[in-house]
Each structure stands twice: as structure tokens, then as C-alpha cells.
Amino acid sequence: MSFVEYSDEIADGDVAVVYLGRESTMAVKVRRGGRTQTRYGAVRHSADLIGRRYGAKVTCGKGGWVHVLHPTPELWTVTLPHRTQILYAADIAAVTLMLELKPGSVVCESGTGSGSLSHAILRSIAPTGHLHTVEFHQQRAEKAEEEFAEHRVAHLVTVRKRDVCKDGFGVTGAADAVFLDIPDPWEAVPHAKAALKARGGRVCSFSPCVEQVQRTCQALSDHNFEEIGTLEVVLRVHEVRTVSLPLPDFGPRVAPVPEAPPLPASDHAAAALKTTTPPRQMPAHTGYLTFATKPRT
Ligand code: SAH
């Protein structure tokens, strides 16, 4: 098991994701002889997990069952212990796309936070890329390092404990892309520029408030970044519903169209239609994503 490679079978030492239904998940560190309590009863690691195929349905002590899933960055985002606010799948998808991340990319990130975005970056840049992630909160940096090792991606990432606004990313002229999720990203813009390759690269900054976006755009422009633009990802999931629509009554037919089949009697009253509707309420704003390009120097 690794967060960047798939294996068929659950093994001792893996981190597996237990799916409890209704979008509820928990992470389990698989240990020979270990036991994990779920709301459906206990899962015994040696008997129920080790050697079984990922995706298996496992019956628990109380007779209920769970599915044991191979970890992915997407599952980790909805399972991880929150130490900070985190980025979710919709924003992460836009970031990896717009930063043009691919296998082999070198990426700088700050702050590491809970590592939600970091795992998605690692999966995109594996097996030959590298992530330099900067976090000034000691415990968060240590916990992230621990998790990268447990998830077997430590060889792809360097965690630096420092203030990115004062001390930068610790790399010069090496990055293809830089991502910022800090309260004062404009302070880190000169360091982002220094970290990017001389042939150019992409930068993205995530900020919840538009005043932060304005200051970041100004700093990007002052440092000769190009193609500066801000977008917001708003996910509208449409629901399929059956609705009943009253049909208009155009009065008696005087001259029926020759080929038209006769209308069934029920059609004169109402028709049941399948339709999609946008949600009436939805969590909309997470943050603004500001992107820019450093041109070749
Ligand atoms: N994108 C992350 C969440 C980042 S939360 C995720 O998806 O999980 C923001 C993090 O930035 C916090 O952990 C905070 O400690 C860190 N941070 C804020 N300012 C910083 C700075 N100047 N240097 C380094 N880290 C910083």
C-alpha cells in the first residue's frame, strides 16, 4: 500500500480506509493482532483484514459490515484528522489542473496544514517529482512528516519548519509550481518567484477574502508575474427528481394533424416528468484561487 501506488491485498502496516456507509469513513493502521472498534462492532486486523482484497466487505463483531478501501488522496481528504482548515476535492482539482502538475513536477507549498492538498500533489507528481512543503507550526509539520512516512510517500516530499514569508521555501530556481495557503500570501510572492525555475512556472494562492486577493494580485504584478487571474470553484450538484406538470388545455381539436397519435386521456390533466434541479441550499464560497505565470527570464 502507498498513497501513490495501488496494491490488491491489505498488508500488515498499511493504512486502510474503512467505509462505514453514508459518506462516513475512518482510517485504520493495520497491525497484526490489532482490533478497531466501529459502530458495527470490532474489526480484527489479522482475521478480517490482512491478506483480504482491498474493497472487501468485512463483517464486524455486532453482525454489521463495512468496506475496507485502498487509500487515495480523495478518501484521505474526507478522513484525515483536521488540524487546520483544509482544501477539498473541488478546489484541489482546479489547483492541480491549473498548476499543470504532472509526474516529475517539482512543487513548493505553504502551509502544509493538515496535508489534504499535499497528498493530491504527491499523487500527481509521483514517481519522479518532489514536493517541498513549508509549515511554521512545529507540531503540524511533525505530524505531516509522520503521516507522509506512514503513507509511504516520504521519498517524494521534504517538510521544512520555517516561516515562508521570512525564510522562503528553501529551494531556488527549482520549482515548476508554487502553491500558497497562508493568511498573508503577498509576503511570500518574492520567495515564490525565487523558488520557480528560470524557464518560468505557475503560482496559485488560496484566500478566503477578496482583500487578500487584491494585495496578492498587486504583489504578483509588482514582481512581473503574467496571466494573473482569480477564480472561485462553486460546485452545484443537480438532483434528479420526478415532478408533476399540469398540461395546458388548448380546447377541443378542430383539425387533428393526420399522423399525430391520439393523446392518452391522462395527458390532459398532468404529466410526470424526470427533471434535474439545482440544490436550494449549498455551501458555496470556500476561497478564491488566484493563478499567475512567471515568464521565462
Ligand atoms: N492547504 C492545507 C491547509 C493549510 S492551513 C490543507 O489542505 O491541509 C494554513 C497553514 O499555514 C497552517 O497550518 C499555518 O500554520 C500555516 N502557515 C501560516 N502562515 C505561515 C507562514 N508564514 N509560514 C509557514 N506556514 C504558515
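Which side chain does the side chain of Thr 290 join in a polar contact of 2.9 Å? In this predicted model, the partner is the side chain of Thr 230. Thr 290 belongs to strand β15, which covers residues 288-294. With a relative accessibility of 3%, Thr 290 is classed as buried, because the cut-off for that class is under 20%. Leaving out residues up to four places away in sequence, Thr 290 touches Val 203, Cys 204, Ser 205, Val 213, Cys 217, Leu 220, Ile 228, Gly 229 and Thr 230.

Thr 112 is placed in the loop that runs between β7 (106-110) and α4 (116-125). Its relative accessible area is 4%, so Thr 112 is buried. The side chain of Thr 112 makes a polar contact of 2.7 Å with the side chain of Thr 133. Apart from neighbours within four places in sequence, Thr 112 is in contact with Ser 118, Thr 133, Val 134, Glu 135, Ala 144 and Phe 148. Two names in that list, Ser 118 and Glu 135, lead on to the next parts of the model.

Ser 118 is one of the buried residues of helix α4. How many of the 10 residues of α4 are buried? Nine are, and the helix is mostly covered. The buried residues are Ser 116, Leu 117, Ser 118, His 119, Ala 120, Ile 121, Leu 122, Ser 124 and Ile 125. Within α4, Ala 120 has a relative accessibility of 8% and so counts as buried. Not counting residues up to four places away in sequence, Ala 120 touches Pro 73 and Ile 92. Ala 120 and Ala 16 are 104 residues apart in sequence, and their C-alpha atoms are 17 Å apart in space.

An N or O atom in the side chain of Glu 135 is 2.6 Å from an oxygen atom of the ligand. For Leu 87, a backbone N or O atom lies 3.1 Å from an oxygen atom of the ligand. For Ser 116, a residue of α4, a backbone N or O atom likewise lies 3.1 Å from a ligand oxygen. The ligand taken alone exposes 590 Å², of which the protein buries 94%.

The remaining features concern aromatic rings. The count of aromatic pairs comes to one. The ring centres of Phe 3 and Trp 76 are 5.8 Å apart and their planes stand at 90°, so this pair is edge-to-face. Phe 3 lies in the segment before β1 (15-21) and Trp 76 in helix α2 (residues 73-77), so the pair ties together parts that are 73 residues apart in sequence. Both Phe 3 and Trp 76 are buried.

Note on methods:
Residues are numbered from 1 along each chain as its sequence is written. This is a predicted model: local features need pLDDT of at least 70, side-chain atom pairs count only at pLDDT 80 or more; totals for chains, interfaces and linings use all residues. Side-chain values use heavy atoms; hydrogens and water are left out. Rings of Phe, Tyr and Trp (its six-membered ring) pair if their centres lie within 6.5 Å; planes under 30 degrees apart count as stacked, over 60 as edge-to-face and the rest as tilted. Helices (H or I, at least four residues) and strands (E, at least two) are DSSP runs, numbered from the N terminus. Buried means under 20% relative accessible area, exposed over 50%, partly exposed in between (1.4 Å probe, protein chains only). A polar contact is a pair of N or O atoms within 3.5 Å; within protein, one must be able to donate a hydrogen and the other to accept it, and residues adjacent in sequence count only if both atoms are side-chain atoms. Accessible areas come from the Shrake-Rupley method with a 1.4 Å probe; for residues, only the protein chains shown count as cover. Contact means heavy atoms within 4.5 Å.
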